[in-house]
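Please look at the sequence and the 3D structure together. The text below begins at the ligand and then moves to other parts of the chain.

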Amino acid sequence: MDHFDLKDGVLHAEDVPLAAIADAVGTPAYVYSTATIERHVRVFRDALAALADPWIAFAVKANPNAAVLATLARAGLGADVVSGGELRRALAAGVPAAKIVFSGVGKTAEEMALALDAGIGQFNVESLEELRTLSAVAAARGGKAPIAFRINPNVDAGTHSKISTGRADDKFGIAYDRASAAYAEAAALPGLAIRGVAVHIGSQLTDLAPSRAAFERIGRLIQRLRAEGHAIATADLGGGLGVPYNPAVPVPPDPASYGAMVAEVTAGWDVRLIFEPGRVIVGNAGVLIARVVRVKEGVEYPFVVVDAGMNDLMRPSLYDAWHTVRAAAPSGARFTANIVGPICETGDTFARGREMERVAEGDLVAFMTAGAYGATMAGTYNSRGLVPEIMVSGNNWAVVRDRQPIEALLAADRLPPWMEDEPA
Ligand code: LLP
């Protein structure tokens, strides 16, 4: 459920008409709803109420905006980070270091040092090569890095191939069968303190069965590792729970069913469970608003050309993802159209043959469910500056990231010295 509803016939974010925001800051722009974010935190927490003291670490990659992170930090969430940049953002937003988990296959020695100096709660190590570097970096600082191995359980999550992470040949984690040897090496290295195990099989999961299968394997592994003498205190079950995008497909399992499955599978594990939800917390809490530049005649369907492009919202182009497009002031009429951006690529298509509310030149539209992996994946392709982000709370709203002016792009480039004094 979200707080983007029609009131007096026009689309609002909570109590603010989207048109008022568009008039003030222009388009495209991302708009987030505080009440929706807070609601999703509550729903996710309630779903895990049967578990002892779960550690919920928001996957910062889903939405690293400072206002979003501060909202989540104030709600008590930790953070799952995958870079030094995300770590800095989480700390700056007020997430206590002890609640931060560091994931990712490519942590550099510099990023490890930053995280060790901050005193983060856990490193999820993805390879023996990484393990050795981490031990050396920690030992050189006279400390021990708290670690879990990310286990690749060889389970197909059944989601889009590009966001599936738990198949044997995916780049993530260490093979299940090599775990014993890996933990033995970790126990022998000077700069490490073994804390637990971790797993994450993919994103936008719409079926609980693969997660259940992966967690069951992790449960067996915990027993084995304990029998081998390791103290396993945490089990990080990752993120991945899907959200509804397309009303025509069955809704993904809700957090309550996910929580019930987890409680059942993990009963008796005697660990602190860690969760890394991203999309399920912020997905429905954001929309991308855009203006219809023109409606161009097409062969089969008209092209609704909007001023947002694939650089602003990459998901349709990258994953053929569905985002419902709503008119901010629907007339009641409907039509079927292709929705495209201004970028010079055919891939800059948000939807083909989409049955939707009829819109015309100058109308405002909203791409729904754009709060996760929206602004954070944006780029400046076609020399388009990053779009602003707006946070709404009740009838208040504020710009929480400025639009990037073209001057900022121009200023970041410079000529090499040998070209400087020549006339162009
Ligand atoms: N933990 C780890 C280790 C992850 O790699 C991810 C997502 C998450 C947690 C959070 O997953 P979530 O709960 O948000 O599903 N750009 C893609 C999604 C990529 C997800 C990458 N990893 C998209 O737009 O669909």
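A polar side-chain atom of Glu276 lies 2.5 Å from a nitrogen atom of the ligand, a polar contact, meaning a pair of N or O atoms within 3.5 Å; within protein, one must be able to donate a hydrogen and the other to accept it, and residues adjacent in sequence count only if both atoms are side-chain atoms. In the side chain of Tyr319, an N or O atom is 2.7 Å from a nitrogen atom of the ligand. Gly240 takes part through its backbone: one of its N or O atoms there is 2.8 Å from an oxygen atom of the ligand. On its own the ligand has 590 Å² of accessible area, of which the protein covers 92% (Shrake-Rupley method, 1.4 Å probe).

This is a predicted model, in which local features need pLDDT of at least 70 and side-chain atom pairs count only at pLDDT 80 or more, while totals for chains, interfaces and linings use all residues. Residues are numbered from 1 along each chain as its sequence is written, and side-chain values use heavy atoms, with hydrogens and water left out.

Around the ligand there are 18 residues, each with a heavy atom within 4 Å of it. Those that come nearest are Ser203, Glu276, Arg315, Tyr319 and Tyr373. By class, the shell holds six nonpolar, six polar and six charged residues; here Ala, Val, Leu, Ile, Met, Phe, Trp, Tyr, Cys and Pro count as nonpolar, Asp, Glu, Lys and Arg as charged, and the others, Gly among them, as polar.

Tyr373 lies in the loop between β19 (364-367) and β20 (389-393), where helices (H or I, at least four residues) and strands (E, at least two) are DSSP runs numbered from the N terminus. Tyr373 counts as buried because its relative accessibility is 15% (buried is under 20%, exposed over 50%, partly exposed in between; 1.4 Å probe, protein chains only). Its phi is near 60 degrees, a positive value. Most residues other than glycine have a negative phi, and most peptide bonds are trans.

Asp270, in the loop between α9 and β13 (272-275), also has a positive phi, near 60 degrees. At 68% relative accessibility, Asp270 is exposed. The peptide bond between Thr27 and Pro28 is cis, with omega about -5 degrees.

Asn246 sits in the loop between β12 (234-236) and α9 (255-266). It is buried, at 16% relative accessibility, and a polar atom of its side chain lies 2.8 Å from the backbone nitrogen of Ala248.
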